[in-house]
Amino acid sequence: MDFQGKHILSIEQFDRDAVEQVLAVARQMTPYVERKKRCSVLDGAVLASLFFEPSTRTRVSFSSAFNLLGGKVMETVGMGASSLTKGESLFDTAQVISGYADAIAMRHPEAFSVSQFADGATVPVLNGGDGSNEHPTQALLDTFTIFDELKRLGKSTDTIKVALVGDLKNGRTVHSLSRILSLFPNIDFTFVSPSALAMPEKIMNVCDTQGHRISVTQDLSTGLQNQDVVYMTRVQEERFDTQEEANLYRGKYRLTQSIYDQYCDSSTIIMHPLPRDSRPEANELSDDLNRNPNLAIFRQSNNGVKVRMALFALVLGVDQQLKKHESDVQWFSRK
Ligand code: CP
């Protein structure tokens, strides 16, 4: 796929080759992320980071990725700090910001809003999450992590068994992840959720059309058995009409070390897009798993930097020039 100048809005844009292309460029970013080398290929370039909904990982890792390639970042955080609150359209905002930046990373609480914004943009726009719709860069980093972790464990990727657990209705990461994994052969999907928070039918249809096996259950202990990957998610309380309604589901599914020991294979990889909700009434992924070697959540969030660096290099057309702009690191680094 020719990425140069393209927006990254949805996993629907990708075929398997395009995913492999991103993952291959992401692997080339390892020495920069590990501070063994530095790269200044985006020296002089500017990223506009527009996050109209709370974020830690996506916002900071987009900025870190751009900085690690030598570029500079301008940030707007929260709707209240932008003229969208004065009635400015997404189209107008996109036209204006395109005049100030070479690329735009954006998160917005409404589904499809980032695509509407991209219609008015003249520079590449990368979707950092649009409501409950999609989170394509998260799906790319999740896929990178799954393949990396299976390799670390010496496991085959001929068939991959994945359980997605929790709020599958409102969780955009599981929508994008199901779409992207569907591009690979022989995925066994297990969807574990309360019936009210089930995976949307249109996503199930994507998995089904590609010929993958799908199991659906409301029972966590059934869903955890015989899996390569268990992907836990938070109840997306911000998408419910009331907190009371969200509270009906928070804490319903909890993975602890003792539940892992009881039901999971000893090599099952534990993932979560984060943030995990560590408040006692939720706690879907217990802190007592922190020493479990198969808890991949922090390797997963670190991989976000490599994948976002790869996307910037590809959409700005510099993926073949990394080595030319490489130099040694002068400062102390623990990594
Ligand atoms: N995974 C993820 O999107 O995290 P943030 O909400 O912190 O960006």
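In what order do the four strands of the open sheet run, and is their pairing parallel or antiparallel? The order is E3-E2-E4-E5, and the pairing is parallel. Strands here (E, at least two residues) and helices (H or I, at least four) are DSSP runs, numbered from the N terminus, and two strands pair if DSSP finds at least two bridges between them. Keep in mind that this is a predicted model, where local features need pLDDT of at least 70, side-chain atom pairs count only at pLDDT 80 or more, and totals for chains, interfaces and linings use all residues. Residues are numbered from 1 along each chain as its sequence is written, and side-chain values use heavy atoms, with hydrogens and water left out.

E2 (residues 46–51) and E4 (residues 103–108) pair in the parallel sense over five bridges, with Leu47 opposite Ala103 in E4.

Angles run from 0 to 180 degrees between N-to-C directions, and axes are lines fitted to C-alpha atoms, for helices over the stretch in contact.

Elsewhere, the axes of H1 (residues 16–28) and H12 (residues 297–315) come within 8 Å and cross at roughly 110°. They are therefore roughly perpendicular (65 to 115 degrees). Contact (heavy atoms within 4.5 Å) involves Gln21, Val22, Val25 and Ala26 of H1 and Lys306, Val307, Ala310, Leu311 and Leu314 of H12.

Technical notes: Angles under 35 degrees count as roughly parallel, over 145 as roughly antiparallel, 65 to 115 as roughly perpendicular and the rest as oblique.
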